[in-house]
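Colleague: Hi! Could you walk me through this one? I'm still learning to read these pictures.

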Amino acid sequence: MTSSTGILEGKRILVAGVTMDSSIGFAAAKYAQEQGATVLISNFGRALGITRRIAKRLPTEPPVLELDVTDDDHLAGLADQVREHVDGLDGVVHSIAFGNPETLLGGKFLTGPWPDVAQAVQVSAYSLKSLTEACRPLMSSGGSVVGLTFDATVAWPAYDWMGVAKAALESTSRYLARDLGPEGIRVNLVSAGPLKTLAAKAIPGFEDLETMWSGRAPLGWDNTDQEPTAKAVCALLSDLFPATTGEIVHVDGGLHAMGA
Ligand code: NAP
């Protein structure tokens with residue numbers, strides 16, 4: 001499909017949380033550009049240099065912004081950073097999560113210490129609110145915010161406190177949908193099956209979940225293919241879901257709907 005017929009033609013999109021070309025955010029940025037969007041990407045700290053190199057692998061090299069979602073100064077300066085490149089935003093992708101794998105994940109549920117849990121919840125859930133608030137002045141004529149979750153309605157092996165953080169993220173998206181709907185800002189999540197990214201590789205035991213998934217999902221599941229997830233993110237960013245907010249779209253091969 002050429003950009004002239006893309007579902008995101010003319011849209012200005014910020015994708016927060018791109019480190020590698022395996023990042024879900026990278027796949028979302030790529031598909032968004034292919035669908036006609038002008039894309040900006042962001043990351044934080046030491047990985048920013050990697051993001052700048054990886055950005056060159058996108059169809060069009062996007063501006064790379066610095067954004068640590070726990071840094072109030074970064075959040076306060078985000079709108080000005082964005083305005084150096086585009087005059088507003090139509091969409092924001094929140095593709096950010098962190099939980100200390102040493103203390104919180106891979107069977108550490110009963111011993112996870114509160115300061116690390118607090119950090120996981122701040123980076124992975126509260127930040128959906130922080131990022132959306134920081135971008136709100138740029139979406140004065142409405143917009144679409146899309147985040148990424150891993151089904152938090154049940155307990156999984158290995159996922160532990162990140163599962164709790166995802167439950168908080170899912171709830172946060174519903175409250176944001178409530179408060180920002182009157183401004184024409186939609187807030188939705190994509191619930192993806194396991195994908196081989198940096199974040200997933202850091203979770204001890206997550207690969208067992210990946211193996212189980214491909215066997216149980218009725219459509220099957222390729223944990224190296226970020227594109228189905230990226231396509232759903234872009235569909236929610238587009239005008240194709242004008243009356244949908246507070247929703248969670250599963251892109252998991254259908255596993256969430258199976259009882260056994
Ligand atoms: P990823 O490539 O590691 O992306 C996570 C991003 O979050 C990284 O760019 C990371 O930066 C960034 N980040 C961490 N702390 C941050 C902070 N304080 N401020 C700003 N950015 C920060 O892994 P991913 O799998 O694509 O994850 C993207 C999203 O998809 C996450 O919400 C994840 O939970 C979700 N998800 C993943 C899967 C899966 O199986 N992979 C399944 C369902 C949902 P650094 O690399 O510099 O730390």
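**The sheet and its helices**

Modeller: Happy to! This is a predicted model. In it, 7 strands form an open sheet, paired in the parallel sense and ordered 3-2-1-4-5-6-7.

Colleague: Which are the edge strands?

Modeller: Strand 3 (64-66) and strand 7 (248-251) are the edge strands, as each of them pairs on one side only. On average, neighbouring strands of this sheet are turned by 20° against each other, with direction ignored.

Colleague: How many bridges join strand 2 to strand 3?

Modeller: There are 3 bridges between strand 2 (residues 38-43) and strand 3, and the two run parallel. To find one spot there, look for Ser42, which stands opposite Leu65 in strand 3.

Colleague: And which strands does helix 3 touch?

Modeller: Helix 3 (residues 72-83) packs on the sheet and touches strand 1, strand 2 and strand 3. The direction of helix 3 makes about 155° with that of strand 3.

Colleague: What about helix 5, which strands does it lie across?

Modeller: Helix 5 (residues 160-180) lies across strand 4, strand 5, strand 6 (185-192) and strand 7. Relative to strand 6, helix 5 runs at about 160°.

Colleague: Let's move to strand 1. Why is it called largely enclosed?

Modeller: Because 5 of the 5 residues of strand 1 are buried, this strand is largely enclosed by the rest of the structure. Buried here means under 20% relative accessible area.

Colleague: Which way do the residues of strand 1 point?

Modeller: Arg12, Leu14 and Ala16 point one way, while Ile13 and Val15 point the other way, and all are buried.

Colleague: What does strand 1 pair with?

Modeller: Strand 1 is joined to strand 2 by 5 bridges, running parallel.

Colleague: Are the residues of strand 4 buried or exposed?

Modeller: All are buried in strand 4 (residues 91-94). Gly91 and Val93 point one way, and Val92 and His94 the other way.

Colleague: What's the bridge partner of Gly91 in strand 5?

Modeller: That partner is Ser144. Strand 4 and strand 5 (residues 143-149) pair in the parallel sense over 4 bridges. Together with helix 4 (residues 114-135), strand 4 and strand 5 make a right-handed β-α-β unit.

Colleague: New topic: at what angle do helix 1 and helix 8 cross?

Modeller: The axes of helix 1 (residues 24-34) and helix 8 (residues 227-237) cross at roughly 60° and come within 8 Å. That angle makes helix 1 oblique to helix 8. Helix 1 passes helix 8 in a right-handed crossing.

Colleague: Why give both an angle and a distance?

Modeller: Because two packed helices are described by the angle between their axes and the distance between the axes.

Colleague: Last one: which residues meet there?

Modeller: In helix 1, Ile24, Ala27, Ala28, Tyr31 and Ala32 meet Glu227, Thr229, Ala230, Lys231, Val233 and Cys234 in helix 8.

Terms used
Residues are numbered from 1 along each chain as its sequence is written. This is a predicted model: local features need pLDDT of at least 70, side-chain atom pairs count only at pLDDT 80 or more; totals for chains, interfaces and linings use all residues. Side-chain values use heavy atoms; hydrogens and water are left out. Buried means under 20% relative accessible area, exposed over 50%, partly exposed in between (1.4 Å probe, protein chains only). Two strands pair if DSSP finds at least two bridges between them. A crossover is right-handed if, with the strands pointing away from the viewer, the path from the first strand over the helix to the second runs clockwise. Axes are lines fitted to C-alpha atoms, for helices over the stretch in contact, and angles run from 0 to 180 degrees between N-to-C directions. Angles under 35 degrees count as roughly parallel, over 145 as roughly antiparallel, 65 to 115 as roughly perpendicular and the rest as oblique. A crossing is left-handed if the near helix is turned anticlockwise from the far one by less than a right angle, and right-handed if clockwise. Contact means heavy atoms within 4.5 Å.
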